[in-house]
Amino acid sequence: MPFTSNDSTASSSPSLDRGSLRPDCGNCFALCCTALGFSRSTDFAIDKPAGTPCQNLDSDFSCTIHDSLRPRGFRGCTVFDCFGAGQHVSQNLFQGISWRSDPGTAKNMFPAFKVVRQLHEMLWYLAEATNRTFDPDTSHQVNEFRKAIENAMSDTQQVLAIDLDDLHSRVRSVLMDVSEEVRSSYLATGDDHLDAALIPGADLMGKKMRSRSLCGADLRGAYFIAADLRGCDLSGADLLGADLRDARLEGADLSKALYLTQAQLNAAQGDARTLLPADLDRPRQWLNNG
Ligand code: SF4
């Protein structure tokens with residue numbers, strides 16, 4: 001489906017609250033545990049094909065090993081974030097009728113979940129872009145995208161017909177505009193604290209960067225796997241899609257980082273001193289640290 005950001009049928013009053021983009025597992029038919037597949041690895045103890053229920057899924061859609069996922073080899077489950085797609089598909093698109101009570105719904109429900117997850121992820125970033133830009137034209141553009149996506153998500157067939165590649169590239173463009181605007185505000189004084197290695201997609205795996213100022217850096221898609229970012233200031237740093245698996249974030253300031261997600265935090269290591277944006281949670285596994 002061609003996707004236009006000035007869709008005339010879009011709602012005129014989109015929600016700015018990212019609360020609806022947080023998972024609500026109690027109102028979801030465990031779509032991440034059924035629709036998605038995973039392979040045996042350090043993140044998952046078993047192979048599970050897409051479209052089949054996990055062997056640990058209970059009849060009430062809860063996980064029978066929820067409290068011991070990591071020690072049981074299911075670290076990947078503790079990192080995943082559906083951005084609230086699960087409850088939207090379960091309750092809004094399929095009106096609370098589960099794939100268990102009506103198996104025929106699975107044919108569309110599972111693919112719809114995969115699409116809505118990507119749409120909700122875009123909404124997550126667009127909501128932040130709305131709050132961070134001071135440019136009225138950019139703000140208008142961001143909000144038109146948000147309204148059009150929200151409108152498209154009211155119907156399963158519309159969801160399944162969306163041209164995600166086209167939408168992704170157009171949303172990405174406006175997110176980058178906002179990123180440039182935000183980052184430039186952190187670099188406006190001729191700041192030269194950023195070294196040449198700090199670029200989008202940079203390979204910073206295992207790099208020791210303790211207590212560095214990374215303010216305003218464009219770190220989109222950078223690989224920080226097991227990097228030491230303890231005590232770093234990441235205010236205004238663009239972290240869109242950055243890989244933070246096992247990155248050390250103890251004492252780091254991420255409170256004003258750009259495009260940070262819960263999944264990124266869940267995959268990293270931090271502690272009670274790590275400063276976070278107000279609408280992200282401190283991962284449970286961090287609570288035993290520091
Ligand atoms: S282990 Fe639990 S949380 Fe992970 S996929 Fe299976 S049922 Fe879902």
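I count a residue as buried under 20% relative accessible area, as exposed over 50%, and as partly exposed in between, with a 1.4 Å probe and protein chains only. By that cut-off, buried residues make up 49% of the 290 residues in the chain.

Notes on the source. This is a predicted model, where local features need pLDDT of at least 70 and side-chain atom pairs count only at pLDDT 80 or more, while totals for chains, interfaces and linings use all residues. Residues are numbered from 1 along each chain as its sequence is written, and side-chain values use heavy atoms, without hydrogens and water.

**Overall fold**

I looked up the secondary structure next. Helices (H or I, at least four residues) and strands (E, at least two) are DSSP runs, numbered from the N terminus. The chain has seven helices and zero strands. Its radius of gyration is 20 Å, close to the 19 Å that the globule rule gives for 290 residues, so the chain is as compact as a globular protein of that length. For that figure, the radius is taken over C-alpha atoms, and the rule is 2.2 Å times the number of residues to the power 0.38. I noted the span of the C-alpha trace along its principal axes: about 60 × 50 × 25 Å.

Then I turned to contacts, meaning heavy atoms within 4.5 Å. Among those between residues at least 6 apart in sequence, 48% join residues at least 24 apart. The chain exposes about 13400 Å², and carbon and sulfur atoms supply 49% of that area. Accessible areas come from the Shrake-Rupley method with a 1.4 Å probe; for residues, only the protein chains shown count as cover.

**Ligand shell**

Which residues are around the ligand? I list Cys 33, Phe 38, Cys 54, Asn 56, Leu 57, Cys 63, Leu 69, Phe 74 and Cys 77. The criterion is a heavy atom within 4 Å of the molecule. By class, I find eight nonpolar, one polar and no charged residues. Here Ala, Val, Leu, Ile, Met, Phe, Trp, Tyr, Cys and Pro count as nonpolar, Asp, Glu, Lys and Arg as charged, and the others, Gly among them, as polar.

**Arg 75**

Arg 75 lies in helix α1. It is buried, at 17% relative accessible area. Beyond its neighbours within four places in sequence, I see Arg 75 in contact with Thr 42, Asp 43, Leu 69, Arg 70, Asp 246 and Ala 267.

**Helix α2**

I checked α2, residues 85–93, and found it mostly covered, with seven of its nine residues buried. These are Ala 85, Gly 86, Gln 87, His 88, Val 89, Ser 90 and Leu 93. They pack against α3 (106–132) and α5 (156–161). Just after α2, Gln 95 takes a positive phi of about 45°.

**Leu 21**

Leu 21 sits in the segment before α1 (75–79). Its relative accessibility is 6%, so I log Leu 21 as buried. Setting aside neighbours within four places in sequence, Leu 21 is in contact with Phe 83, Gly 84, His 120, Leu 123 and Trp 124.

**Asp 243**

Is Asp 243 buried or exposed? It counts as buried, at 15% relative accessibility. I place Asp 243 in the loop between α6 (164–186) and α7 (262–267). Its side chain makes a polar contact with the side chain of Arg 245 at 2.6 Å. A polar contact is a pair of N or O atoms within 3.5 Å; within protein, one must be able to donate a hydrogen and the other to accept it, and residues adjacent in sequence count only if both atoms are side-chain atoms.
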